[in-house]
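Here is the note on the structure that you asked me to read through. The points below are meant to be followed with the model open beside them.

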There are 4 protein chains.
Amino acid sequence: MPDRQELSYNRISGQNLDRLAALSDGLFAIAMTLLVFDLHTPVVAAIHDEAGLWRALLRLGPHFATFLMSFLTLGIFWVGQQTGLGMVARCDRHLTWLNLGFLFAISLLPFSTRLIGDFPDYRLALGFYWLNILLGGVMIYASWRYARAARLLKPEITEATACAMERRVLVAQGLYAAGAALCFIDVGFSIAAIILVQMIYVIGPRTGFLARL
Amino acid sequence: MPDRQELSYNRISGQNLDRLAALSDGLFAIAMTLLVFDLHTPVVAAIHDEAGLWRALLRLGPHFATFLMSFLTLGIFWVGQQTGLGMVARCDRHLTWLNLGFLFAISLLPFSTRLIGDFPDYRLALGFYWLNILLGGVMIYASWRYARAARLLKPEITEATACAMERRVLVAQGLYAAGAALCFIDVGFSIAAIILVQMIYVIGPRTGFLARL
Amino acid sequence: MPDRQELSYNRISGQNLDRLAALSDGLFAIAMTLLVFDLHTPVVAAIHDEAGLWRALLRLGPHFATFLMSFLTLGIFWVGQQTGLGMVARCDRHLTWLNLGFLFAISLLPFSTRLIGDFPDYRLALGFYWLNILLGGVMIYASWRYARAARLLKPEITEATACAMERRVLVAQGLYAAGAALCFIDVGFSIAAIILVQMIYVIGPRTGFLARL
Amino acid sequence: MPDRQELSYNRISGQNLDRLAALSDGLFAIAMTLLVFDLHTPVVAAIHDEAGLWRALLRLGPHFATFLMSFLTLGIFWVGQQTGLGMVARCDRHLTWLNLGFLFAISLLPFSTRLIGDFPDYRLALGFYWLNILLGGVMIYASWRYARAARLLKPEITEATACAMERRVLVAQGLYAAGAALCFIDVGFSIAAIILVQMIYVIGPRTGFLARL
């Protein structure tokens, strides 16, 4: 009777929403802080005066842009996961593992950021970065769909709210894909477009066309 | 009267389950994120075009496989500890220290992963990695047995549940040992087998032979 | 009707105060611990006896001073954010993002600290460090002002308390600016002045002129 | 009226015990995990066969001993702080800052550990390490004494319990000092003695002379 077995461990494991949230918060906090590790301070021996330090800091500009982009990406994903988990009444092992898959994508982001920082002119680097964001989006979307299908959501969550959550992920991923596609014109242009879209999400305008995103 | 002394500190220390869970979540989150530090981006000076970057990323494949294996190991251990601690009604110093021993094994895993990533063809590296997993299993098994023996479990935990917890650890460690033993044929084969077993645990099939694992 | 859309996601996202606090605690904990990474142990090959190690440790003095200064900065900001969030009754997406902006400044501080440690005689390094502190102050001030304006504070928070919170940020930032301005005389003098002011905050004298700061 | 001012910010700040605990758990988790960063895997180019890797791992022995010692130190301090804070009914800014001072000592420990790992034969390295442990002990002792004096403890905490807490810190610090003093004979002997004492604390014997420690 394999069903009894599944009851034995798989039905009792991974049910603690608080610990899933705590693990996520810790992992996001570390990923956000590690990003800054790729902002290397200028080599001391190469700097001889204030103007030299100024120029060296200016040359960090592209690295700083990718740092900002990844911090915004992490913030947007964190708010999204926080919002989604906040609507979940109880957790099971499948939801836990879907979220661990999401955290896997998050833990990869510092690597992808470093790649894009080291190879700012390479479409492949931006493509890898985009795949990383896509993986995060797929996992967060899958975990939300699963929570709905398995009736793990709080009873007060309406159909309209659930649809809004899904639409948000799809629209955001569509914008990321469009931004990433701009790399066929110019990689820097692509990064600028992604940061611009993210800024709209961060500011969260209350009216107008942008509020519909 | 040594007994009064023990009451004084050892009976009052290490009783906070929430802080033990928080420490564990933090440590797991860091270990998961640090794994990616061994995914080094290709050296900039050695890459001259998109095709070169593509080949360099492909060469990261073995490192990526060990990264994935360790992330899955950490996820499985985390779910296991979360499930076990969730059945504990109260904590004492011995249970706390057994869990700290478990966290010791977890904190070593990034080192073991790095070792296997640097020496992918060495049986000794895989043996060290396996010993690390074994240490984690021994500590989690010991902490569960202690919690049962010291009557720290919640009253609603049945004998069947307790046995399922122990069987799970033993079966999992048996599979890890079998997977590790494959290194006498080929180390890469061994890693592939371990990832395969882990994937079965992650997906958690509901029926069939695999559900009994 | 853009307003319905905003209700859909932006009105429901980012409302979990506990997770915002947990993310902040994790990020502060990491930033505090990473500071010590810039305290490099002396190079083994360059040390031949106890006296040589002693001299090498003494040469770490300036790095140790910036480490101490940044730890105090992080502590002061953490206490400030903890105090502010403790007065908030409920959270919304705008307050969440203002706090994420604050955490962005915090995550930058290890970089700024490294910069000042590597270039202890450069006014530009101290200026960058000061801008980082200023950004943190601006974000914490903005998040407090927003929480007041959007009526997110607990009902028991009086006008006097709210004003004290704001005055504290303004006075502290004024002292930081004055300390940083001393770098036009001497950068080391500037660092010493900042540490001195921070120590007053840490000790928190109950009476006299200093208690008014 | 400076007293009104102090009421304004210093009386309202730093009162959240939960966030202090969360910051501490995060910082301990990171410090524990960072210790392993000083376990460097052998240089790939220098290893040519399994026997070579075996010898290289054996040479890591002293580093592994300091890693174990520091993990135990962190565990003992964490259990101590957890136990102490668990007896505190409410928190104020002074108790918060005393605990931040304690966390400062904890954040330094990876540096001290690295120092002793790099200079295993230097008394100065062991002396620095001991000073670090002493600082941690002084801060935890001061925070406990302050909590008692300021009547922040829970009403059920008896005089006997309070004395036991203090005696524990004093006895432990006495043993650390004695162990560190052994470095005047031999540094390795000193490390072995400290690990031995820590192991007694970890195991927590219930009877006999050792239970009185």
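This is a predicted model: local features need pLDDT of at least 70, side-chain atom pairs count only at pLDDT 80 or more; totals for chains, interfaces and linings use all residues.

1. Residues are numbered from 1 along each chain as its sequence is written, chains are lettered from A and ligands numbered from 1 in the order in which they are written, and side-chain values use heavy atoms, with hydrogens and water left out.

2. How is chain A related to chain C? A rotation of 90 degrees, with 0.0 Å of shift along its axis, superposes chain A on chain C with an RMSD of 0.0 Å, and that is the relation of a four-fold axis. Copies are superposed here by least squares on the C-alpha atoms of residues with pLDDT of at least 70 in both. Within chain A, the residue that comes closest to the rotation axis is A:Gly26, whose C-alpha lies at 3.9 Å.

3. The contact between chain A and chain C, where contact means heavy atoms within 4.5 Å, takes 54 residues from chain A and 44 residues from chain C. Only 4% of the interface residues of chain A are also interface residues in chain C, so the copies meet through different surfaces.

4. The size of an interface is often given as the accessible area lost when the parts come together. For chain A and chain C the buried area (the accessible area, with a 1.4 Å probe, that two parts lose on being put together, summed over both) is about 4,300 Å², with 68% of it on carbon and sulfur atoms.

5. Between chain A and chain C the count is one salt bridge, a term that requires a side-chain nitrogen of Lys or Arg within 4 Å of a carboxyl oxygen of Asp or Glu. The side chains that meet in this way are those of C:Arg19 and A:Asp25, at 2.9 Å from N to O. On the side of chain A that touches chain C, at least two residues each come from α2 (17-35), α3 (50-59), α4 (61-86), α7 (159-181) and α8 (187-203) of chain A; these helices are DSSP runs (H or I, at least four residues), numbered from the N terminus. The helix that gives the most to this side is α4(A), with 14 residues.

6. By class, the side of chain A that touches chain C has 33 nonpolar, 14 polar and seven charged residues. In this scheme Ala, Val, Leu, Ile, Met, Phe, Trp, Tyr, Cys and Pro count as nonpolar, Asp, Glu, Lys and Arg as charged, and the others, Gly among them, as polar.

7. Chain C gives 54 residues and chain D gives 44 residues to the contact, and the two chains bury about 4,300 Å² between them. The side chains of D:Arg19 and C:Asp25 meet in a salt bridge of 2.9 Å, N to O. By contrast, no contact joins chain B and chain C, whose closest C-alpha atoms lie 8 Å apart, and no contact joins chain A and chain D, whose closest C-alpha atoms also lie 8 Å apart.

8. Leaving aside neighbours within four places in sequence, C:Asn99 is in contact with C:Leu20, C:Gln81, C:Leu85 and C:Ser143. The side chain of C:Asn99 also makes a polar contact with that of C:Gln81, at 3.1 Å; such a contact is a pair of N or O atoms within 3.5 Å, and within protein one must be able to donate a hydrogen and the other to accept it, while residues adjacent in sequence count only if both atoms are side-chain atoms.

9. C:Gln198 lies in helix α8 (residues 187-203) of chain C and counts as buried because its relative accessibility is 0%. Its side chain makes a polar contact of 3.1 Å with the side chain of C:Tyr176.

10. D:Met165, in helix α7 (residues 159-181) of chain D, is buried, with a relative accessible area of 7%.

Note on methods
Buried means under 20% relative accessible area, exposed over 50%, partly exposed in between (1.4 Å probe, protein chains only).
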